[in-house]
Amino acid sequence: MRNLVLFGPPGAGKGTQSEFLVNHYNLVHLSTGDVFRYNIKSGTELGHLAQSYMDQGKLVPDEVTISMLKAEVEKHSEAEGFIFDGFPRTTAQAEALDAFLMSRGHSIESMLSLEVEESELKKRLLARSVTSGRADDADEAVIQNRINVYHAETAPVADFYKALGKFKSIDGLGSVEEITTRLVQAIG
Ligand code: ADP
């Protein structure tokens, strides 16, 4: 089983690159943001709860996110592996993912970290808001909050995978194809 974590700040290109990688390696794409947005659209209780955090650029509480993620993994018992996109976003989520995969006899192969500077992230998110219809992309204050939350709560997750020798840094600037090539090389 090949389990990859695609890591990086909001707007780094995780979703865009996942589209290619899932086809190339025959993996299941698991984006926690996408699952929350699907629940919001479907009007579920989980969606209602998640929206109150997402609208402010805050993280949905770990307990809720972790149990949702486990349920999603369990839906795909035939999967050859997963690309985790937007998860884990806290050290507690990383620890929970590790324990959960281990209980199933699996593990994370590597964390691929897309590195993009802050001014470029803001530009990309504002541009994306035109087509995504995402309220959290259209508001500069919410974007800034997401970036702040990334530095405070999510960036430390890299250390978790560095300690395991699984962290790989990828330059996230360039054309979509150039970045894809770098990712494929890093995955090996
Ligand atoms: P982006 O990477 O551009 O911020 P996502 O779709 O990954 O977009 O996430 C959108 C929002 O969904 C986040 O700002 C957060 O509120 C919520 N979210 C997504 N993944 C998680 C997670 N693993 N833990 C907590 N909240 C999450």
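Residues are numbered from 1 along each chain as its sequence is written. Because the model is predicted, local features need pLDDT of at least 70 and side-chain atom pairs count only at pLDDT 80 or more, while totals for chains, interfaces and linings use all residues; side-chain values use heavy atoms, with hydrogens and water left out.

The largest pocket has a volume of about 1,000 Å³. A pocket here is an open set of points on a 1 Å grid over the protein atoms alone, where a 1.4 Å probe fits, with protein on both sides within 12 Å along at least five of seven lines; lining residues have an atom within 4 Å of a point. Of its 48 lining residues, Lys14, Arg37, Arg89, Arg128 and Arg134 are the closest to the centre. The second largest pocket holds about 190 Å³, and its lining includes Arg37, Gln51 and Arg134.

Around the ligand are 20 residues (a heavy atom within 4 Å), the closest being Thr32, Arg37, Lys58, Gly86 and Arg128.

| Residue and part | Ligand atom | Distance |
|---|---|---|
| Lys58, backbone | oxygen | 2.6 Å |
| Val60, backbone | nitrogen | 3.0 Å |
| Arg128, side chain | oxygen | 2.9 Å |

Taken alone, the ligand exposes 550 Å², of which the protein buries 97% (Shrake-Rupley method, 1.4 Å probe).

Key:
Points joined across faces, edges and corners; volume = space filled by probe spheres on them. Polar contact = N/O pair within 3.5 Å; in protein donor to acceptor, adjacent residues only side chain to side chain.
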